[in-house]
Amino acid sequence: MHLGICVSMTSNITELIGVYDADSTLLGEVSYWVGARFGITHCSLCELTHGLFTKKSEWKQSSESFTVPFHLFHRDDAPSDVLLALAGEFPAVLQRTTEGLKVILTKEELERFDGHTSDFAEWITNYLNPA
C-alpha cells in the first residue's frame, strides 16, 4: 500500500492525534459496536486500532515505538483545537507541530488501509522518519 507522504513539517512534530468517528460515552460505544456488527456504522480508524472489544495488541506495540506520542480521541472528547481543525470530518489523523495542527490522513485515506494495522503503523513510521 502506498499513500503519498508529505514530508513538510515532519521535523517538528510534537504529537500525532487520531479522532474516531464515534462517541466516548457508554451509549456511544455500545451504539457503535452494535452498528458496526450490522454494517450500519463504520469507522476506519477504529478498525485499525481496535479489535472486537479491546485495543489491538499489534497497534499497541506499534504505537509505542513511534518517535512521538500518538493520542486517540472520540469526536466528543477531542480537544477543541483538534475539532476546529477537523471541521466535522471524522475519522482523521492530525499532526501537531510548533506551527499548529494539520490533517495528515483523511477518512478516505484511512479507508485505503482496509483495516490492516501493520500497513497503517508502517505508514506512520515512514511519515515520522522520512528517508
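Predicted model: local features only at pLDDT ≥ 70, side-chain atom pairs only at ≥ 80, totals over all residues.
Reader: Which strands form the edges of the open sheet?

Author: The sheet is open and contains four strands with mixed pairing, in the order E2-E1-E3-E4. An edge strand pairs on one side only.

Reader: In what sense do strands E1 and E2 pair, parallel or antiparallel?

Author: Strand E1 covers residues 13–19 and is joined to E2 over four bridges. Gly 18 stands opposite Leu 72 in E2. The sense of the E1 and E2 pairing is parallel.

Reader: Which helix packs on the sheet, and what angle does its direction make with that of E4?

Author: The packing helix touches E1, E2, strand E3 (92–97) and E4. This helix is H6, residues 117–128, and the angle between its direction and that of E4 is about 135 degrees.

Reader: Which element supplies the largest share of the largest nonpolar core?

Author: This core has 23 residues, of which Leu 105, Phe 120 and Ile 124 touch the most other members. Elements that each supply at least two of its residues are E1, helix H2 (44–49), E4 and H6. The largest share, six residues, comes from H6.

Reader: Which residues does Ile 124 contact, leaving aside its neighbours within four places in sequence?

Author: Contact here requires heavy atoms within 4.5 Å. With the sequence neighbours set aside, the partners of Ile 124 are Leu 16, Phe 66, Phe 70 and Leu 105.

Notes: Residues numbered from 1 in each chain as written. Heavy atoms only, no water. Pairing = 2+ DSSP bridges. Axes fitted to C-alpha atoms, helices over the stretch in contact; angles between N-to-C directions. Core = buried A, V, L, I, M, F, W, Y, C linked by side-chain atoms within 4.5 Å. Buried < 20%, exposed > 50% of the residue type's maximum accessible area, 1.4 Å probe, protein only.
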